[in-house]
Amino acid sequence: MKMVWFILCGFALLFMNPGTSLAGVNNNVMYDGRSLIIDGQHKILFSGSIHYPRSTPQMWPSLIAKAKEGGIDVIQTYVFWNLHEPQKGQFVFNGRSDIVAFMKEVHRQGLYVCLRIGPFIESEWTYGGFPVWLRNIPGIVFRSDNEPYKAEMQRFTAKIVDLMKSNELYASQGGPIILSQIENEYKNVESAFHERGPPYVLWAASMAEGFQTGVPWVMCKQDDAPGAVINACNGMKCGETFAGPNAPNKPAIWTEDWTSQYQVYGDEPYLRRAEDIAYHVALFIAKNKGSYVNYYMYHGGTNFGRTASEFVTTSYYDEAPLDEYGMPNEPKYSHLKELHAAVKLSISPLLAGEQTVVNLGQSQTAYVYKVKSGECAAFLVNNGSKDAIVQFQNSPYQLYPKSISILPDCKSVAFNTGKVSAQHATRSWTPTQKFDSHQNWQEYNEPIPTYDNTSLRQNIIVDQMRTTNDLSDYLWYTFSFQHDSPNPESTLNVQTHGHVLHSFVNGVLVGSGHGVHRNAGFALESKVNLNKGINHVSLLSAMVGLPDNGAYLERRDYGLHSVKIDGKDFSTYAWGYQVGLSGENLQIYTDTSKVQWHRLSSTKHPMTWYKTLFDAPAGNDPVALNLGSMGKGEVWINGQSIGRYWVSFHTPKGTPSQTWYHVPRSFLKPTGNLLVLIEEETGVDPVKISLDRISVAKVCALVSETHLHPVSTWMYQRTSGNLNNTRQNPGRKPTAKLRCPPNSYISKILYASYGNPSGDCKTYAAGSCHSEDSTAVVQKACLGKRRCSVSVSSEKFGDPCPRISKTLLVDAQCA
């Protein structure tokens, strides 16, 4: 019967949409083997992931506008099930959850949308986007051919599709959505479900297409995506790793080009260079005939509240083209903008021409696209680690190491992925308000519960996740026992599957410990002094986010595993439990009158709440709390959680994984803002917290005579079917361009050298050739201006060393 079922599903998928052999599912958005076809036009599309709940509605217009300015055509977002349905049947679609408002803003600005419904999303989002109540459904097995799960998945997917349809957001209705995704990287776990995996893939595809949205569906990292569903690539090097579409009528799509990597507490950040991103995007387009590339993330944003998955920092993809605060990360932002423009100059032959592959050398290849009318575009690839001079169509071309030159007319180089002309920018954090007055702080010590004042009782150690239902990161495990030995010294040994553990005996902290990412469980052994008679043991287990990947998420166990004192096992004993902290349950971060606060004490206790009031800083620059003096906890502004902090968990280099925590301007009132923190550790100092303004402090440009002109300065005219290159200014020189953020200006030239300076924008020095007029020329052109341009030309600087190729390096301060 299984084989019959497979065959029937396969035929159903092939024939459910008439015309899928030619293209997609609707006259408005279709596809063929070359690209998506929107309103009858083939498209090469650049997309950027911006997740609506990782920013605020007030930030959305600016983020989308900056993406558009950067050459982005499509905004891609996941749908966050546990955000929208925290309790079964109770839906939330307002504030940061207002997906419809987000879609409408994208549409208003003239961009498309790729909607990744999932509903499993991973995304370093707690529990992969699943609501925790889902695991409590009897007999459920996530992401498999399991009826309870499929019923819930279909119900939620239908809810989202109906919401989009009712607001006319699909392209088939005149809206912005041109693509939808069902499931997410399922191939990574499919084999774990054995015979329950393949039928689930077929069902998911059939279910999705049955909604008849009028736009195509995709499955990423699913090489056998069934029927009309497009298989897509995820990763950093899809030009090298993607096997291609699984049917000749499907286009090559890249749904996740990772612009950096998410960071976890305890790890160093991963920095991906702009040149590397540009190289692999150009390779995917040239080699794989790629027509859709999405940057994951284009703006990462902030994991507010407890939304980050296990051990993931509150700051998310800060190294994306737009940083956590929505400011352009330079040179990444502008270098990719140049790439997009160069590809769009080549769009006609790319979409209509035949691909020819020409070997130019051992590590050098040309991908040429030419149409019968004569239009031609070429991508000259150097996959080697050294410069190479190659001959292409009887002309020499210099190819930089690991780079691709784009020739929109098969003659002139418009862009090279390895040559960055864009400026570099350096952020600064300037305190706008210090919380250094002891009198302005108050504290409240979280009560340490004992078995006697708990109401939830079991004679076993319970699972933390099932007990808290994700209402809190915290679960108190308590028990009391009689100690009659005359020797007070004992050993407490706790084995836990939780992330963090604080052990208290008779109200005194006796030990703390934590796991690490991908190895969360650990053992904590503490020496304790027991009273003769009754002793109270209180163990606080804390989660730092729920897992977001892997098979059988519904089977994961968390919290304590075993507890022993001097070898005696208390695993089966009379236990009392408290879900969450008392201050948390009373929501004292919203209403501080519910507990008795005290003046700040010089003695720091574990599990202490701190509060103070402050006024909003002037201006519109982004602001963040500098929590470098704190340990671990969570922080609220006016009752809204800006996320977990864990400053005490250092990287291998000995620095905090994250020190600054974003406070959106929309969270603030002009005066009387309430700041509340729960701090788990001792050895902290809240009076050293500050509210810092984030700005671009420095801009730097490094441009040589061998750099290309910005793509925007090139103009192409089509005459008689040929593509002829003309420059707007034929005598124009390569130019160093500097630009400070809005409301700031170039206040000082920190360094300038025209000649052969050594180093880069981080570390530099004058070389053997240096024009003495360098600083004066740049000062005249730039001081007091928000932006300026200085050409790399001996006409301005003189010629300190004839017959030597010159470079201009300028480092400037913004104020």
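**Cysteines, rings and a sheet: a chat about this model**

Author: Let's start with a bond in this predicted model: C740 and C814 are joined by a disulfide, with 2.0 Å from S to S.

Reader: Okay, how many residues apart are C740 and C814?

Author: C740 sits in the loop between strand 41 (735–739) and strand 42 (746–755). C814 belongs to strand 46 (residues 807–814). The pair links distant parts of the chain, and the separation is 74 residues.

Reader: Is the link of C740 and C814 left-handed or right-handed?

Author: Look at the torsion about the S-S bond, which is -85°.

Reader: What about C376 and C410: which hand does their disulfide have?

Author: Their sulfur atoms are 1.8 Å apart. C376 is in strand 14 (residues 376–382), while C410 is in the loop between strand 17 (403–407) and strand 18 (415–416), 34 residues away. The torsion about their S-S bond is about -65°, so the disulfide is left-handed.

Reader: Are C376 and C410 buried or exposed?

Author: The cut-off for buried is under 20% relative accessible area. C376 has 6%, and C410 has 2%. That makes C376 buried and C410 buried.

Reader: And which parts does the pair of C769 and C801 tie together?

Author: These two cysteines are joined by a disulfide, S to S 1.6 Å, with -65° about the S-S bond, a left-handed link. Both C769 and C801 are buried. C769 is in the loop between strand 44 (764–765) and helix 13 (774–782), and the pair ties this to C801's spot, 32 residues apart in sequence: the loop between helix 14 (794–797) and strand 46.

Reader: Then there's C114, which is in no disulfide; which cysteine has the nearest sulfur?

Author: C114 is buried, at 0% relative accessible area. Its nearest cysteine sulfur is 9.4 Å away, and a disulfide needs the sulfur atoms within 2.5 Å. That nearest sulfur belongs to C220.

Reader: Let's move to R116. Which side chains does R116 make polar contacts with?

Author: R116 is in strand 6 (residues 112–118), and R116 counts as buried, at 1% relative accessibility. Beyond its neighbours within four places in sequence, R116 touches residues including Q76, C220, N234 and Y296. As for polar contacts between side chains, one of 3.0 Å reaches E256, and one of 3.2 Å reaches Y78.

Reader: Rings next! Is the aromatic pair of Y52 and F102 tilted or stacked?

Author: A search of the whole structure turns up 50 aromatic pairs. Y52 and F102 form one of them, with 5.8 Å centre to centre and 45° between the planes. Planes under 30 degrees apart would count as stacked, and this pair is tilted.

Reader: How far apart in sequence are the parts that Y52 and F102 tie together?

Author: Y52 is in the loop between strand 4 (45–50) and helix 2 (60–69), whereas F102 is in helix 4 (residues 99–108). Both Y52 and F102 are buried. The parts that the pair ties together are separated in sequence by 50 residues.

Reader: Which ring does the charged end of K632 sit over?

Author: There are charges over rings to look at here. R143 lies over the face of F120, at 3.7 Å from the ring centre. The charged end of K632 is 5.4 Å from the centre of its ring, and that ring belongs to W646.

Technical notes:
Residues are numbered from 1 along each chain as its sequence is written. This is a predicted model: local features need pLDDT of at least 70, side-chain atom pairs count only at pLDDT 80 or more; totals for chains, interfaces and linings use all residues. Side-chain values use heavy atoms; hydrogens and water are left out. Helices (H or I, at least four residues) and strands (E, at least two) are DSSP runs, numbered from the N terminus. Buried means under 20% relative accessible area, exposed over 50%, partly exposed in between (1.4 Å probe, protein chains only). A polar contact is a pair of N or O atoms within 3.5 Å; within protein, one must be able to donate a hydrogen and the other to accept it, and residues adjacent in sequence count only if both atoms are side-chain atoms. Contact means heavy atoms within 4.5 Å. Rings of Phe, Tyr and Trp (its six-membered ring) pair if their centres lie within 6.5 Å; planes under 30 degrees apart count as stacked, over 60 as edge-to-face and the rest as tilted. A charge sits over a ring if NZ of Lys or CZ of Arg is within 6 Å of the ring centre and within 35 degrees of the ring normal.
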